[in-house]
Number of protein chains: 2
Amino acid sequence: MKENKQHVVISKATIDRLPLYYRTLKLSQEEGVAIISSEELGRRIGVTPEQIRKDLSAFGEFGKKGVGYYVSELIRNIGEILGLNRQWNIAIVGVGHLGWALANYANFASQGFQLQAIFDVDANKVGKYINDVEIFDCDRMPEIVAERDIQIGIITVPAEYAQSVANKLIKSGIKGIWNFTPVKIDVPERLHIVNEDLSVGLSSLSFHLSRSL
Amino acid sequence: MKENKQHVVISKATIDRLPLYYRTLKLSQEEGVAIISSEELGRRIGVTPEQIRKDLSAFGEFGKKGVGYYVSELIRNIGEILGLNRQWNIAIVGVGHLGWALANYANFASQGFQLQAIFDVDANKVGKYINDVEIFDCDRMPEIVAERDIQIGIITVPAEYAQSVANKLIKSGIKGIWNFTPVKIDVPERLHIVNEDLSVGLSSLSFHLSRSL
DNA sequence: TAGATTGTTAATCGATTAACAATC
DNA sequence: TAGATTGTTAATCGATTAACAATC
């Protein structure tokens, strides 16, 4: 019996672990593992088995007591929870080093994220292609976003343009933003935004190394 | 009176917010702000003033009651806490798209992180330069790391080589690792590792969009 | 059946928020 | 002095861990 647990509050921490489970399960599947226990899955990921069972229990009952989880079934279920069983259309705004790297990141496609367009203001870049994806002028954002049903925008422009680019994306009809600039972007309530602040990682290392060296 | 609060437990969340404070303070300073309240700083970052005061209080008393924080003083103090007032020598292993982008990321240097070397196994890349930084064969890691006193290694190789590259870095004397591969790397207790899993961001957006669309 | 492992409830731990005395 | 704002203690909230009944 599959329950619908809409009433359970799902923590951000849980959502961030699900992709980890998903990926590790896929790897296990490739290795030929058909059934896996929370114990074994936890060992591979570096998470306690209780944590995994708790996380999953927020969405339903996916395992078999005394047995474990059927890998393919769990992959399907987590994929469904994360919305990975469908295609998302994404766009990158800003072809700097990072934007270029992300545009070349082939793995997105394999996870259902289809890069539909790249935007930049530089006339020298507009009209060129990165891996068969065209670079458009930012002014054409409303048109292209609508035409290609783009739901997610990735912002890799210099920090000072982050907010104005976000505004333009939102006005064009985008539903979610992945922000690589180190500034806080104000967005309407209904919009989802994930901040990927790459400068935190090194600072964190710096902090710990200063203390231990 | 500056106290030494070695007994206070500092949460990971606090450490992750400090770079945010640091950066925002620097921006404020550039705008000519000399004194800032936790209220105003919080507003700019999107964090409650209580949070900021609590975070800082783990390290000492940096403000003036009834006044606020002297921006330059707080920058210096947070910089000291994070270990940003010194130079760290870093190396990148793996010149794929992401490694290339990071090697070109000029901002590292401005924060005291000096890219000293790049490593790759591809003979076509070895000997070339990215922004005046030479690409060395991975076999020369022990030699170069020691010679240039490199403390931090950035791993941007394909997932399957992550662990062996980490082992090599550690054996070469590296003290901290910034891991961009989506796999768990086992390291000795004394080593610091920060995982930057870029695939989580899109999955998280996918999850929220699935629910709200 | 006995052993294994889930799903869930209760207990613990940790982090955030609220409140306020101290003091500039 | 009165108003403002810090630093800290107490209260709340949320997330993780432990324990265990259910059951395959």
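Two residues count as in contact if their C-beta atoms, placed from the backbone, lie within 7 Å. This is a predicted model, where local features need pLDDT of at least 70, side-chain atom pairs count only at pLDDT 80 or more, and totals for chains, interfaces and linings use all residues. Residues are numbered from 1 along each chain as its sequence is written, while chains are lettered from A and ligands numbered from 1 in the order in which they are written.

Switch to cartoon view. Chain A shows nine helices and nine strands; these are DSSP runs numbered from the N terminus, helices being H or I of at least four residues and strands E of at least two. The C-alpha trace of chain A spans about 60 × 50 × 35 Å along its principal axes.

Now select A:Ala91 and B:Ala91. In the largest nonpolar core, which has 77 residues, these two touch the most other members. A nonpolar core here is a set of buried Ala, Val, Leu, Ile, Met, Phe, Trp, Tyr and Cys residues joined through C-beta atoms within 7 Å, and buried means 20 or more other C-beta atoms within 10 Å of a residue's own. Skipping neighbours within four places in sequence, the contacts of A:Ala91 include A:Phe119, A:Val145 and A:Ile154. Next, pick A:Tyr21, A:Tyr22, A:Tyr69 and B:Phe207, which are among the 19 residues of a second, separate core.

On to the interface, where 44 residues of chain A are in contact with 43 of chain B. Highlight α9 (199-212) of chain A: it gives the most to the side that touches chain B, with twelve residues.

Which helix of chain B packs against α9(A) at about 115°? Select α1, residues 12-30 of chain B; its axis and that of α9(A) are 9 Å apart. Those axes are lines fitted to C-alpha atoms over the stretch in contact, with angles from 0 to 180 degrees between N-to-C directions. Show side chains for A:Ser199, A:Val200, A:Ser203, A:Ser204 and A:Phe207, which meet B:Ile15, B:Asp16 and B:Pro19.

A turn of 180° with a shift of 0.0 Å along the axis gives an RMSD of 0.0 Å, by least squares on C-alpha atoms of residues with pLDDT of at least 70 in both copies. The two copies are therefore related as by a two-fold rotation axis. Centre on A:Ala101, whose C-alpha is the nearest to the axis in chain A, at 3.0 Å.

How values were computed:
Buried ≥ 20, exposed ≤ 12 C-beta atoms within 10 Å, placed from the backbone.
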